[in-house]
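Me: I have a model here and want to check the labels put on it. Please take my questions one by one.

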Amino acid sequence: LYEAGETSFTSNGLGRLRDCATCVVTEERNGIYECDFTYPIDGAYFKEIVPGRIIAVTHDDNGDIQPFDIVSYSKPIDGVASFHAVHISYRQSFMTATGNHIWSLGDAFTLLEGAEPDNPFTYSTDIIATGLLAAADGTPKTVRQLLGGSEGSILDAYGGEYEFNGFQV
């Protein structure tokens with residue numbers, strides 16, 4: 001469990017949630033990336049698990065740690081509360097970029113990296129593509145919309161598949 005401002009996830013943060021009863025990560029290609037977990041009200045860190053904090057979990061056979069922002073929780077049932085968290089990449093839904101006449105994937109990434117407020121995410125690809133990024137039409141859009149949430153997005157213009165790894169896209 002970590003504070004909202006954590007970026008490295010190399011320590012135990014506020015503490016390890018050893019009492020966690022269940023934890024399920026749902027990841028869809030170019031889609032949702034969310035975490036649902038349950039925790040007992042008598043667990044060591046129950047009072048510390050609040051919306052705005054981050055839970056870092058392993059979600060694959062490689063043991064890669066991925067950070068998720070805790071966004072909601074339910075009232076406890078039989079002494080266990082349910083929590084919902086979204087991958088840290090969802091923060092890009094609150095960052096805005098405005099561009100026009102973007103003709104390459106490299107320029108598209110430069111546009112995203114300059115999003116406001118300050119964008120801590122980095123972007124890379126093995127795809128070499130050119131073409132008009134129609135979503136960059138001079139009107140402000142969220143980084144998430146430019147990635148794939150609106151017509152003419154990076155995904156539409158250049159193809160590919162996203163992999164979200166902490167603050168790397």
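This is a predicted model: local features need pLDDT of at least 70, side-chain atom pairs count only at pLDDT 80 or more; totals for chains, interfaces and linings use all residues.

Reply: Residues are numbered from 1 along each chain as its sequence is written, and side-chain values use heavy atoms, with hydrogens and water left out.

Me: What makes up the protein chain, in helices and strands?

Reply: It has 3 helices and 7 strands. Helices are DSSP runs of H or I with at least four residues; strands are runs of E with at least two, numbered from the N terminus. The order from the N terminus is β-β-β-β-β-β-α-β-α-α.

Me: Why do β1 and β3 count as standing at the edges?

Reply: The open sheet has 5 strands in the order β1-β2-β5-β4-β3, with antiparallel pairing. β1 (22-27) and β3 (54-58) each have a single partner strand, so one side of each has no neighbour in the sheet. Neighbouring strands are turned by 35° against each other on average, direction ignored. That angle is taken between lines fitted to C-alpha atoms; angles in general run from 0 to 180 degrees between N-to-C directions.

Me: How do you know that β2 and β5 pair?

Reply: Two strands pair if DSSP finds at least two bridges between them. β2 (residues 33-40) and β5 (residues 80-87) have 7 bridges and run antiparallel, so by that rule they pair. Asp36 stands opposite His84 in β5.

Me: What makes β4 a partner of both β3 and β5?

Reply: Bridges again. β4 (residues 65-73) is joined to β3 by 5 bridges, and to β5 by 5 bridges. Both pairings are antiparallel. Pro67 in β4 faces Ala56, while Phe68 has His87 of β5 as its bridge partner.

Me: Why is Lys75 called exposed?

Reply: Exposed means over 50% relative accessible area, buried under 20%, partly exposed in between (1.4 Å probe, protein chains only). Lys75 has 73% relative accessibility, so it counts as exposed. Lys75 is found in the loop between β4 and β5. That hairpin has 6 residues between the strands, and Asp78 takes a positive phi near 50° there.

Me: What share of the protein chain is buried?

Reply: Buried residues make up 39% of the 169 residues.

Me: How far apart are the mean positions of the positive and negative charges?

Reply: They are 9 Å apart, for 9 positive and 24 negative charges. Lys and Arg count as positive, Asp and Glu as negative; His and the chain ends are not counted. Each charge is placed at NZ of Lys, CZ of Arg, CG of Asp or CD of Glu.
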